[in-house]
Amino acid sequence: MPRPNVLLVMVDQWPGALLGSAGHPVIQTPTLDQLARLGTRYPRAYSECPICIPARRTIMTGTSPRKHGDRNFAPAQEMPALPTLAQSFRDGGYQAYAVGKMHLYPQRDRIGFDDILLAEEGRPQLGAVDDYDMFLAEQGAAGEQYLHGMNNNDYIYRPWHLAEKLHVTNWTTREAAKMIKRRDPRRPGFWHVSYTHPHPPLVPLAGYLDLYERERIDLPPQADWDQGALPPALQSIRDHWPIRSSDPDLQAIRRAFYALCTHIDHQLRVLIGTLREENLLDDTIIMVTGDHGDMLGAFGLWAKRLFYEGSAQVPMILVDTARDARVAAGHVDHRLVGLQDVMPTLLSLAGLPVPETVEGIPMVGAQRRDFLYGECKENVLATRMAHDGRHKLIWYPAGNVLQLFDLQEDPYECRDLAGVSGYAEVRRRLEQVLVREAWGVDDTWIRDGRLVGVAADPARGSADRAFGGQRGLHYPQPPLSDPTRTVGSPG
């Protein structure tokens, strides 16, 4: 029997709850909703380290941050010497191609793919002019990608400033469709399509903003626990993004974000149409997921790096081929899933061996995990998570702050149960997960098997002189810069 093709779609900074099929009251995602009807949606899917680079390393190696070596965001760190998802497919006789954002160093590292067409969010200073930038130059718009004035790490917004066909979402889709059409028909394909949005800059096409013009945009949740003193990992975010919290301001930001989401959703129809017209759709496994989410103003917080649902929960939809029933159709699977499970799931469904280095487990079958461990940062902004599928314990070592949420009773995490006596045993059990999984600097935050943390630095950050990593005119290309220097976040 011929092996199936595999299409892995990645979105960047898309919260898992932003799906019509997940019950969101506003978001328009007809394509993703149809895929959910054709396959299985996993509402308990999480990023083990909700930052771009570590999350992508987890997907591409099937390993935890501890094994692949990054829980901080290390832009100048090469991929570890581990079998990759792409190389595993190629070793199994597949052709493997990727289009879009990869977030690798060096940027032209293939990590096992036959070839990659890059759209790297305007980072030529790291040593490579990416393929999207070259496309803009060929279209007479050299260096004009960021002349809209928005930036990659902020929440100001406006419509896209160039022609629709020049938008990076359209470019990614078009190049991916061409990649599928140019396949070798004698071999199955593994195609990875990685969109840069809805990650800021918030520059949707005007037509997609118009789709939401008449909608009453939902507001982010607030809670009693987000008042008063906060651990540095949270306070630093409020200091870094002093965004007005009025209803119109929050709704306008979310409207622009939703518009970027729906644009991607509609472009996915082009990929699906290409597969259908090439007579490949029925023989293709499709997975849609993301690297992490965005808080979008929930509890006065923005962006990622946190283990609340808005930041850590990711979309996860899996569709089998038409001839197989290994993945249930129209099903919602509440098992606990991590990004490390992407690699073993896709390889197993394709009938390929899973490398021994992989720590994840397939999302299809009887095997389940008892908990998922999350880890992000190693400094005063560090945060850790232990999740058992229903209860989530979040630990901020700076200040030794614990929060506990019962997601079955409180899906929006508005009630902190860490001090509630009825949840003492749950808290104790999840604390022990954090102790068992500790490594590196974490060992200094634990004493005699108990979480003790470290003193919190009360100092607050200053205004962001880098303007969120603001880009400028990119023709001629900006000079090379230090690849280890990060901008656009609290630290």
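This is a predicted model: local features need pLDDT of at least 70, side-chain atom pairs count only at pLDDT 80 or more; totals for chains, interfaces and linings use all residues.
Student: Is I286 buried or exposed?
Tutor: Buried means under 20% relative accessible area, exposed means over 50%, and partly exposed is in between (1.4 Å probe, protein chains only). I286 has a relative accessible area of 5%, so I286 is buried.

Student: Which residues does I286 touch, not counting residues up to four places away in sequence?
Tutor: A contact means heavy atoms within 4.5 Å. With residues up to four places away in sequence left out, I286 touches L7, L35, L281, I317, L318 and V319.

Student: What separates the C-alpha atoms of I286 and E431?
Tutor: Along the chain, I286 and E431 are 145 residues apart.

Student: How many residues of helix α2 are buried?
Tutor: Helix α2 covers residues 52-61 and is mostly covered. Its buried residues include C52, R56, R57 and M60, and the buried residues of α2 pack against β1 (5-12), α3 (65-68), α4, β6, β7 and α11 (342-349). The count of buried residues in α2 is 10 of 10.

Student: How many aromatic pairs does the structure hold?
Tutor: Rings of Phe, Tyr and Trp (its six-membered ring) pair if their centres lie within 6.5 Å; planes under 30 degrees apart count as stacked, over 60 as edge-to-face and the rest as tilted. The number of aromatic pairs in the structure is 14.

Student: Why is the pair F89 and F190 stacked?
Tutor: The ring centres of F89 and F190 are 4.4 Å apart, and the pair is stacked because the planes are at 15°. F89 lies in helix α4 (residues 85-91) and F190 in strand β6 (residues 189-198), so the pair ties together parts 101 residues apart in sequence. F89 counts as buried at 0% relative accessibility, and so does F190, also at 0%. The value that makes the pair stacked is the plane angle of 15°.

Student: How far apart in sequence are the parts tied together by W225 and Y308?
Tutor: The rings of W225 and Y308 have centres 5.1 Å apart and planes at 25°, so this pair is stacked. W225 lies in the loop between α7 (206-211) and α8 (232-240), and Y308 in the loop between β7 (284-290) and α10 (309-312), so the parts tied together are apart in sequence by 83 residues.

Student: What radius of gyration does the protein chain have?
Tutor: The radius of gyration is taken over C-alpha atoms, and the globule rule is 2.2 Å times the number of residues to the power 0.38. With 491 residues, a compact globule would come out near 23 Å, which agrees with the protein chain's 22 Å.

Notes:
Residues are numbered from 1 along each chain as its sequence is written. Side-chain values use heavy atoms; hydrogens and water are left out. Helices (H or I, at least four residues) and strands (E, at least two) are DSSP runs, numbered from the N terminus.
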